[in-house]
Amino acid sequence: MVTLDIELGSLKENLLEMLDLVKSQLAKSKKALEQVDIPLAQEVVEREKRVNALELLIDKDCENILALHNPVATDLRFVLSTIKIAGDLESIGDITKALARFIEKSGKKASRTFVDKFQIHSMIEICISMLTDMGEAIQKEDTHLAQKIAKKDSALNEINKNAPGVTSELIKANTDKIELILKLFTITRKLERVGDFIKNIGAEVVFHIEAKVLKHKKG
Amino acid sequence: MKIIEAIDVNAYYGDNHALTNINIEIKENTVTALIGPSGCGKSTFLRMLNRMNDYIEGFRNEGTLLIEGKDIYKKKVKLEDLRQHVGMVFQKPNPFPKSIYENVAYGLRIRGVKNEKEVEERVEKSLKKAVLWGEVKDSLDKSAYSLSGGQQQRLCIARTLAVKPSIILMDEPASALDPLSTAKIEELIAELREQYTIVIVTHNMHQASRVSDRTAFFYLGNLIEYGKTSDIFTNPKIKQTENYISGRFG
């Protein structure tokens, strides 16, 4: 095995570790929201530092591989796509932290009915499922799976599309809770972005394996 | 416009089938890198372009090798004319044991240029094109051996340019040079591409990717893949090419 293979193998391990960490952050946020578990939400906020640290580690590894090994072809595409995937995962980490902060501050006030109306649990569930499949797609270099996952994003888009109507309906019936309702509306927007980030990750997996650029293409 | 065209070219050293059915077209004013592991046939192909292999015992070839549409292996072809047209720069700088000036003037003199003013002009022009003039203009009478390795290689390039070739063959021209001299040779290749067609054999993948427009990957006497250098180094179509350029074999 050439040295570059060892470096690329280690880079892939770190990337998958980051993906697992982000997924676990989302799962914990979901549980914290369901059970109004404030300490768990605080743990998510605290662990976001680990997500950032992994992004920096991956960036440094990529910089070293580019400078010291001058990768070409598939190897080069893997390094380039890894830099972008790590950036997308870090953004998902930020959104998860924002969700955890909401639970920390407003979790006790947010009634289950409101959360259910916005289908926030379903959205988080879809995001976790997408990340699980994406981890498998990266591990197995499966572009078919990577593209299939991207299609799940449409379920998130659909929920997000209904969110303004839900917001309006809830505000009319609960004028004393407008701020809380708007916060929940913002969360649906952010979770929809998580779907977009995972879709971008799928495009990077396809770029790495097949050298095809899917970014900015419709569908 | 294509300047070099190989059609079903085969080459043999005795029983050793060194090149098998090579088909390739090279356009003028481009730099083409020939890459591949040792013994793959790239140097054999390069040397065939000015018939350097003719002197090797047991060498024979088949197929057609056209330069500017003319078959260079036809009997009527004069080797001196071919080699004036297709110059060669070797791996190790090989200046003659003469002055810097006479090294460049040599090719002109043996080709019958007697007018000293013309010789002077062409020596200066060639040294300028080889980006060496500024470093040697005050020491043209000094021995070529007084130059550094990198300067000697540029002197050899100037010597090649003096006889006005249209194609320059380079056989690992920077492999014996330090990084700074290598960079100068690479800059020079980039400048020469404007007026000449360059075919370069190199074992240095990064050099191939830096200096060439197109890359041809040879393996076991076969031309495996030939295409734009940017495509070969980012998305090669053949797995063998990818394994070679990424250092996984060869």
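In this predicted model, B:R159 lies over the face of B:F96, at 4.1 Å from the ring centre.

Searching the whole structure over all chains gives 5 aromatic pairs. One of them joins B:Y13 and B:F59, whose ring centres are 5.5 Å apart; their planes meet at 50°, so this pair is tilted. B:Y13 belongs to strand β1 (residues 2-13) of chain B, while B:F59 belongs to strand β4 (residues 59-67) of chain B, so the pair ties together parts that are 46 residues apart in sequence.

Another pair brings together B:F217 and B:Y219, and this one is stacked: the centres are 6.3 Å apart, with 10° between the planes.

| Residue | Relative accessible area | Class |
|---|---|---|
| B:Y13 | 22% | partly exposed |
| B:F59 | 14% | buried |
| B:F217 | 0% | buried |
| B:Y219 | 21% | partly exposed |

In the tilted pair, then, B:F59 is buried and B:Y13 is partly exposed. In the stacked pair, B:F217 is buried and B:Y219 is partly exposed. The cut-off explains the class of B:Y219: buried means under 20%, so at 21% B:Y219 counts as partly exposed.

Key: Residues numbered from 1 in each chain as written. Chains lettered and ligands numbered in written order. Predicted model: local features only at pLDDT ≥ 70, side-chain atom pairs only at ≥ 80, totals over all residues. Heavy atoms only, no water. Phe/Tyr/Trp six-rings, centres within 6.5 Å; stacked < 30°, edge-to-face > 60°. Helix = DSSP H or I, 4+ residues; strand = E, 2+ residues; numbered from the N terminus. Buried < 20%, exposed > 50% of the residue type's maximum accessible area, 1.4 Å probe, protein only. Lys NZ or Arg CZ within 6 Å of the ring centre and 35° of its normal.
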